[in-house]
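Opening the notebook on a new model today.

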Amino acid sequence: MRYRKLSASYVFTLSGAPLKNGMVVTDSDGTVVEVIDTADDLSESEGVEHYSGILCPGFINAHCHLELSHLKGKIAEHGHLPEFLHQIMLLRNVDEGFQEMTARQADRFMWMNGIVAVGDVANGTSTIEIKENSKIDYHTFIECFGFLPEKAPRAMEYAGFAFMLYDASRLKASIVPHSPYSVSNDLFELLAADARGEGSIVTIHHQESAEEDQMFLDKSGGMIDHYANDLKLDTTFWQPTGKSSTHVVIDKIPAENQLLLVHNTFADKDDLALLREKRSTGNTFLVTCPNANLYIEDRLPDYELLRNSGFRICLGTDSLASNHTLSILEEMKTIGNAVPDLSLEELLTWACVNGAAALRISDWAGSIEVGKKPGINLIGGADLRQMKLMPGAKVRRMV
């Protein structure tokens, strides 16, 4: 069996302290067979590939929309969420061949840029073949929309059909709600029953826009206008609650199911306190997609609030409709610039360990440990004195 001995200026195993000039030994299929603390001395080692930079586990992209890859550069930045959703509605139906080609390119790009697993949101089945043949491990979240209560059975029926096709292809999948504002109470009930029965991972877009809360507080703002004016839906039945969307949605998702709350851009301390009251920090994850948040809302979440919430934080890229690239390293750079006191080790924990836990793949991914097959990335261009990512930092997949 062929073994590789990889070493770098620092090895971040994320299962212990960083190892200066540490070494990782992998077998021919990428399984870690040994992690060596060289005590900063590689002089006695033979056949070692030594690099300037940082070795770390493969990245986890906890939130993506692969099927929207054809919309790269098509939607103007900083238009806010209601207009973004309107543009998605207008632009998403294109030539199937072009859509497949761009999704395949996006899948390849993520693999080459060190991403080993993706939590991917899908509204249909167009990416099944890509995922079947990908080197990336996908968990597909089949997304349900249904603002009108009478549409709930039909929405659930379609999602169930899509789930059957993913399952037949031996691809991991869950049926999930899109957002608090786009799913009726009737549909939430059907989704909750399915989640309980399947024991599935649930994800939902959460506190992505100020318009989301405005709709629930007093039935005003761009989101409710989007339904009435863009989609021409009857909104007279819908009544505001006077509370944030977090208060409305949290009891509609079974507390026992693993939950990924995505974006959290406008989540405040009261929302996070409510989450702690209603849910366990062991099965609830906050997924942040900073570059998409800047693209759509020109705003980042309050990372100090998120860090102090008690919930684990994961990283996502969102789609190429709302991002310039599907790179977890670029998401890390953006957060690092916004939160200067955030250590590189904590950032990597978000990008690797927490994402693996969120997608339930910690048995093989997220950290460099003997017996795991996490992928090995080399980050070059970091400031190794300050342990900070520089603007020109790059990632290279090693294993």
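I started at His-263, which sits in strand S11; strands (E, at least two residues) and helices (H or I, at least four) are DSSP runs, numbered from the N terminus. Before going on, I noted that this is a predicted model, where local features need pLDDT of at least 70, side-chain atom pairs count only at pLDDT 80 or more, and totals for chains, interfaces and linings use all residues. Residues are numbered from 1 along each chain as its sequence is written, and side-chain values use heavy atoms, with hydrogens and water left out.

His-263 is not a glycine, yet its phi is positive, at about 100°. Its relative accessibility is 0%, so I logged His-263 as buried (buried means under 20% relative accessible area, exposed over 50%, partly exposed in between; 1.4 Å probe, protein chains only).

Next I checked what S11 pairs with: S11 (residues 259-263) runs parallel to S12, joined by four bridges (two strands pair if DSSP finds at least two bridges between them). Leu-261 has Leu-286 of S12 as its bridge partner.

How many of the five residues of S12 are buried? Five of the five in S12 (residues 284-288) are, so the strand is largely enclosed by the rest of the structure. In a regular strand the side chains alternate between the two faces of the sheet. For S12, Thr-284, Leu-286 and Thr-288 are buried on one side, and Phe-285 and Val-287 are buried on the other.

**Another positive phi**

I found Asn-21 in the loop between strand S2 (19-20) and strand S3 (23-26). Asn-21 counts as buried because its relative accessibility is 16%.

**Leu-55**

Leu-55 belongs to strand S5 (residues 48-57) and is buried, at 0% relative accessible area. I looked up its distance to Glu-83, 28 residues away along the chain: their C-alpha atoms are 41 Å apart.

**Surface patches**

Patches take residues with over 30% relative accessible area and no salt bridge, joining like charges within 9 Å and nonpolar side chains (Val, Leu, Ile, Met, Phe, Trp, Tyr) within 5 Å. A salt bridge is a side-chain nitrogen of Lys or Arg within 4 Å of a carboxyl oxygen of Asp or Glu.

The nonpolar patch I noted consists of Met-1, Tyr-3 and Val-33, with about 340 Å² of accessible area together (Shrake-Rupley method, 1.4 Å probe). Val-33 is in strand S4 (residues 32-36) and, at 34% relative accessibility, is partly exposed.
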